[in-house]
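Visitor: I would like to learn how to read a model feature by feature. Can we take it in short steps?

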Amino acid sequence: MYLKRLRDFAESSGEMPPPFHTWSPVRWLLDLDPQGNPIGELVDLAVPDEPSRRNGKRELVPKLQRSGTAPQPLLACDNLQNALGWTDSSPRTQADADKQAARAERCYQAFTALVAAWIEQHSHDHAAQALHAFLGNGGPQRLPRPEKYRASDLVMFRVNETFVHLSPTARDFWTNVARERKSSSGRCGVCLVCGQRGDLVDTFPRQVTAGLIPALGYDPDSRSKNRPQPSAVTLASMNKPALGYELTTQLEHAPICGTCAEWTVAALDHLLRSRDHRRTIGDTAVTWWLLGTPEGTVAPIQLVFDPDEAAIDELLAELPRDTGQQVAPDPQQLVKTVGSMLDSPKQGRESGEIDTGTFCAAAVTSNKTRLILRDWIDVSLPAAKQAVTCWFSDHAVLDPWTGRIQRFSLYRLLLALGRWDRRTNTYLPLGDPRAHRPISAQRDLFTAALRTTPLPPSIAFHLVQRLRADRHLDGPRLALLRLLTTRTFNTTGRTTPLALDDSDDDLGYLSGRLFAVLESLQYAATKVDNKKLNTTLTDRYLPAASTSPARVMPDLLRGSQAHLKKLANRKRDSTATAYAKLRDELCGRLKPFPLTLDLAQQCSWFNGYADQRNHHFAKIAAHKKSAEPGLGAPEADPIPTDIS
């Protein structure tokens, strides 16, 4: 199915290059006059100081995968060995030099014969005549050679400011030649992709450009110097009997016509090159495209990587959240809508409207030169929008200082799974081995975003470990906790609220709230003396309190009496009373304290801890805003001095 969708994109998109053409850096350019005489020498198109032109100027050139030992030249634009018959300037031995020279001569004769065949069919093409005259009169042998060149460098020719290989006749002739080469088997049958009868190919006409698809098990963010060399990737390769069906090689049992074979590879190559259609997730490249949509329509998946608040709000307004976890439109409603459209002329009523666009996404990696399709998504555009809507709704958090809803990109959520560096107050970057991020975390987050599936428990286990080790809980980590409590550990189907949920009687949630109250009480009591604690409750007891509250909470409750007494001695009776009231209320709902908390309850513990803290912060922000109009987020200490 994904091959058919790639062909559909190639047919409907105006961005695609012509068949059997691709964008590639061209190193050398030679100008010819109409009689085929060179105008000057070879022009070097490479610019060493510019990374985009280090290997030459990017141009649209003929492209076809070469196989076998026989020369297979490209039309009017090829490497120096084929187009000019040149060899590398420094062979190792004389035997190598003779072998290279013989090979270059055969390739040059094949290149010249291909141009001559072009002339026979299109004798009126003046550019073709000029190139044929240059090749036939020994022009390459008289042409001065540059000091530094490689036989594999591409060279193109230009006549009267027009590139020879881009003339209309050259494109048509080259397309026919490429199809004949890849249909050399002589088989004719029904193509599995388009369903039409045509000439079938033995192999795909070309490969996906090297470097566009990462290798299996390779982390592109890794800082290791031992990086594997990128390889060109084939969509399907059965060059050994053990790889094919019934021990057959090539595409004998997977009939694909030449047009579909070319367009599918060209479409995938084009999509993987575009920033608007591709992202790299670990060792996987994810590419997406839309079918049947108006020009300029933005795929909802882009919001997952680059959130835009205005676009997200528009999406939430278009597809309300009260539809629950339903991702696909109701088939019965779909039939009714289509029926109303068909019956509207005879009934005189306005027809129903339906979005017929399709969203496609493919997650691919490679094993050396073979493509591995890890995931494939083919849904209606409304279903994709609904999945993204659920994603942002399920992980949205409330900023207590501003009252605004925060939504995070997949990149920031992935960073939050790494180690927090207290020296720089940032997360360790991607690829840093000290960050200890799960290898599959990025792919798990992306799958959950587009398929509305739960995050795996391994993410929860890793997150609570990092929270206990780092003692740091911010917006992105709270968003991950909301995702886990809403999807992974949600057995009741209830929606996790953005703010403090006083009706939640989960033991883990209440234990986290109580710990936050005791932490706030300690801070309020010590702030009176204007002293900074060397060790806080969080530093000493958070790991134990989040796994086994019964072990530490009784001692913390006894210690809180001293903090309440300090507040009372400083004539802050109302503050002490508010803390004591909230503490006793939570203790009454908790008795007895749980001995141990399972993984789901540990996530709930941190969720309750964060909600209680944010509830305090919101009261500070509201108090300061009312006291000093126009004041933004407070610059005061994060723990409130009064919770009444």
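Visitor: Is strand β2 largely enclosed by the rest of the structure or open, and why?

Guide: This is a predicted model, so keep that in mind throughout. In β2 (residues 28-32), 5 of the 5 residues are buried, so the strand is largely enclosed by the rest of the structure.

Visitor: Which residues lie on each side of β2?

Guide: Trp28, Leu30 and Leu32 are on one side, with Leu29 and Asp31 on the other. Both faces are covered.

Visitor: Which strands does β2 pair with, and in what sense?

Guide: Start with the general idea. Strands of a sheet pair through backbone hydrogen bonds, either parallel or antiparallel. Here β2 shows both. With β3 (residues 43-44) the pairing is antiparallel, over 2 bridges. With β6 (residues 154-159) the strands run parallel, joined by 5 bridges. For landmarks, take Trp28, whose bridge partner in β3 is Asp44, and Leu32, which stands opposite Val159 in β6.

Visitor: How many bridges join the strand pairs β10 with β11 and β11 with β12?

Guide: Take the pairs in turn. β10 and β11 run antiparallel and are joined by 4 bridges. Arg278 stands opposite Thr287 in β11. These two strands form a hairpin with 2 residues between them. In the turn, Gly282 has a positive phi of about 60°. Next, β11 (residues 284-291) pairs with β12 (residues 358-367) over 7 bridges, again in the antiparallel sense. There, Leu290 has Phe359 of β12 as its bridge partner.

Visitor: At what angle do α17 and α18 pack?

Guide: For a helix pair, read the angle, the axis separation and the contact residues. Helix α17 (residues 537-545) and helix α18 (residues 549-569) pack at about 145°, with axes 8 Å apart. From α17 come Leu537, Tyr541, Ala544 and Ala545; from α18 come Pro549, Val552 and Leu556. The contact has 7 nonpolar residues, no polar ones and no charged ones.

Visitor: Where is Val233, and is it buried or exposed?

Guide: Val233 sits in the loop between β9 (197-199) and α7. Its relative accessibility is 1%, so Val233 counts as buried. Now look along the sequence and through space. Val233 and Val208 are 25 residues apart in sequence, yet 5.1 Å apart C-alpha to C-alpha. Beyond four places in sequence, Val233 touches Gln207, Val208, Ile213, Ser366, Lys368, Thr369, Arg370 and Leu371.

Visitor: Is Gln612 buried or exposed?

Guide: Check the accessibility, whatever the residue type. Gln612 lies in helix α20 (residues 599-627). At 1% relative accessibility, Gln612 counts as buried. Leaving aside neighbours within four places in sequence, the contacts of Gln612 are Leu500, Arg513, Ala516, Val517 and Leu582.

Visitor: How many cavities of 30 Å³ or more are there?

Guide: The count is 1 cavity of that size. About 50 Å³ of space lies in the largest cavity.

Visitor: Which residues line the largest cavity?

Guide: Read a lining by residue, by element and by class. The lining consists of Pro17, His21, Thr22, Trp23, Arg206, Ala266, Asp269, His270 and Arg273. Elements giving two or more residues are β1 (21-26) and α7 (258-273). Helix α7 gives the most, with 4 residues. By class, the lining divides into 3 nonpolar, 3 polar and 3 charged residues.

Methods: Residues numbered from 1 in each chain as written. Predicted model: local features only at pLDDT ≥ 70, side-chain atom pairs only at ≥ 80, totals over all residues. Heavy atoms only, no water. Pairing = 2+ DSSP bridges. Axes fitted to C-alpha atoms, helices over the stretch in contact; angles between N-to-C directions. Contact = heavy atoms within 4.5 Å. Nonpolar A, V, L, I, M, F, W, Y, C, P; charged D, E, K, R; others polar. 1 Å grid on protein atoms, 1.4 Å probe; cavity = no way out; pocket = protein on both sides within 12 Å on 5 of 7 lines; lining within 4 Å. Points joined across faces, edges and corners; volume = space filled by probe spheres on them. Buried < 20%, exposed > 50% of the residue type's maximum accessible area, 1.4 Å probe, protein only.
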